[in-house]
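Here are my notes on the model you sent over. Have it open beside you as you read.

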Amino acid sequence: MFTPPDKQPEIVLDDREAKVLTEEPVEPAVEEELPEIQSNDIHTMPDKFLKSTDAPKTKGRISWVVLASVIFIVVGGVIVTLFLYFTREDEVLTIPDDISNLNINIDLPTSTPSDLDDVNDDTDLTEPESRDSKRLNDIYDLKSALAMYFAKYDEYPVNLNTLLRDYLTLIPENPTPGGDSYDYKVNQDQIDFELTFSLESGGPFGNLTLDASKYVLTPQGIRLYIDPDSLLPDDEVIADTTQIQMGLDSDEDGVSDIEENMYQTNSTLKDSDEDGYDDAIEILALFDPAIGDGAKLLDSSSVAIYQNPSYFYSLIYPASWTTTPLTVDNKEVVFISSTGEFFEVIIQDNPLGMSAYSWYLANNPGVDPNTLTTLLIDGLPAVKSPDGLRTYLGIGSSIYMLNYNVGASMQTNFYTSYRLFSEKLIFIDPSTIEVGDTGTTTTQE
Ligand SMILES: [Ca+2]
Ligand SMILES: [Ca+2]
Ligand SMILES: [Ca+2]
């Protein structure tokens, strides 16, 4: 870090100083140097240094001590300055890694960019079009910041201010007049959010062209805002869900007697293989509930894997059921039991890229959002209807609906199997699908 010329004088100085202190006679070689250096420096440091030097015997020695002190101080100062400079530079370089762990409130970054934004925007925010342009930019910034936050923490922040330190330099606000304040809400599990905003004239957002209206940004896109006042009373929802009963479950382990027969478990014992885990828990954790020792459910004959060759998802269904595609493009597939109950997967277009949660509420305006269950399926946000018999998963511009239709039975004899079917869906690499592969069932003949 330091150059040899800086160090060299220091070493020489120490030697010379030591010689002065021990009051040894000055060597001739050194004496010869003295006059020229003395004439340069002695005039700048006069009496002060002379007085502070103890017992100078000769003028030459006094000058020598002064000279040594001056050089020592100057060189020392340079070294200390260099040391402080490089130390400081190192600290600056390490700040980005550590700043998230420090509780430092820095006000400058939030004020400076906002001033710049204001300068840029104030000039052209007089027109509705330019205000909408700012709004769409704001929403895009928020969407990006929220996505980055989710990528790091696997959840969305409770409020937007949480984004300030690492993801945004300021929280944008609706430019007035016109529009509505940006309203951010996150669901209880913090895996879904809604950010409401309004446009006065409209504008482009990604591939979309939005008209003048009120919108909701969700994790997967934008949808039209639904006025809560248009929702129906909760009573109608409850009436709809109370008609379907759970099928007979003698040991009340969550697996119906009919299902217990299918999984070859004991319908009078919650933990059939006595390994400490109840039958339903084992099934949903993909263990064989009939055999202990960590046997895998997928190795049993009770379930099979279905792979959709068009939409590249894979799921688990009862092996004894019949699989039938309802459309040639495999957009709709049903899995039918001997009781007439069936599961189905229906893929619906979702051009606005709504989240499953938003999509469900938009299509079921009578449902109280608090009665919905949110969950992750293959890492993607999903939602279950209040009765638990419909599961919605949003991916890209599609919504995957996984339904449990009880048919005429009006009973759910396969509820644990439905949870297995819907909650364990995974998306697969298209290249791994082998048509006609034994052990898997595809829709190909
Ligand atoms: Ca049972
Ligand atoms: Ca059981
Ligand atoms: Ca068990």
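1. Leu286 sits in the loop between helix 9 (279–284) and strand 8 (303–307). This is a predicted model, and in it Leu286 takes a positive phi of about 65 degrees although it is not a glycine. Leu286 is partly exposed, with 14 other C-beta atoms within 10 Å.

2. Glu252 is worth a look as well: its phi is positive, near 50 degrees, and it is not a glycine either. You will find Glu252 in the loop between strand 7 (245–246) and helix 8 (257–263).

3. Please check the peptide bond between Thr176 and Pro177, which is cis, with omega about 0 degrees. Pro177 belongs to the loop between helix 6 and strand 1 (183–186).

4. Helix 6 (residues 128–153) spans 37 Å from first to last C-alpha, close to the expected 38 Å. Its buried residues include Arg131, Asp132, Leu136 and Ile139. Asp154, with a positive phi near 60 degrees, follows helix 6.

5. The largest nonpolar core has 44 residues, and Tyr317, Tyr360 and Phe421 are among those with the most contacts inside it. Another core, of 21 residues, lies apart from it and includes Leu163 and Phe197.

6. A friendly caution on confidence: the mean pLDDT of the chain is 77, and 69% of its residues reach 70 or more. However, pLDDT stays under 50 over residues 1–46 and over residues 231–242. Where pLDDT is low, the predicted coordinates should not be read in detail.

Notes:
Residues are numbered from 1 along each chain as its sequence is written. Chains are lettered from A and ligands numbered from 1 in the order in which they are written. This is a predicted model: local features need pLDDT of at least 70, side-chain atom pairs count only at pLDDT 80 or more; totals for chains, interfaces and linings use all residues. pLDDT is the predictor's confidence in each residue, from 0 to 100. Two residues are in contact if their C-beta atoms, placed from the backbone, lie within 7 Å. Helices (H or I, at least four residues) and strands (E, at least two) are DSSP runs, numbered from the N terminus. The expected span of a helix is 1.5 Å times one less than its number of residues. A residue is buried if 20 or more other C-beta atoms lie within 10 Å of its own, exposed if 12 or fewer, and partly exposed in between; C-beta atoms are placed from the backbone. A nonpolar core is a set of buried Ala, Val, Leu, Ile, Met, Phe, Trp, Tyr and Cys residues joined through C-beta atoms within 7 Å.
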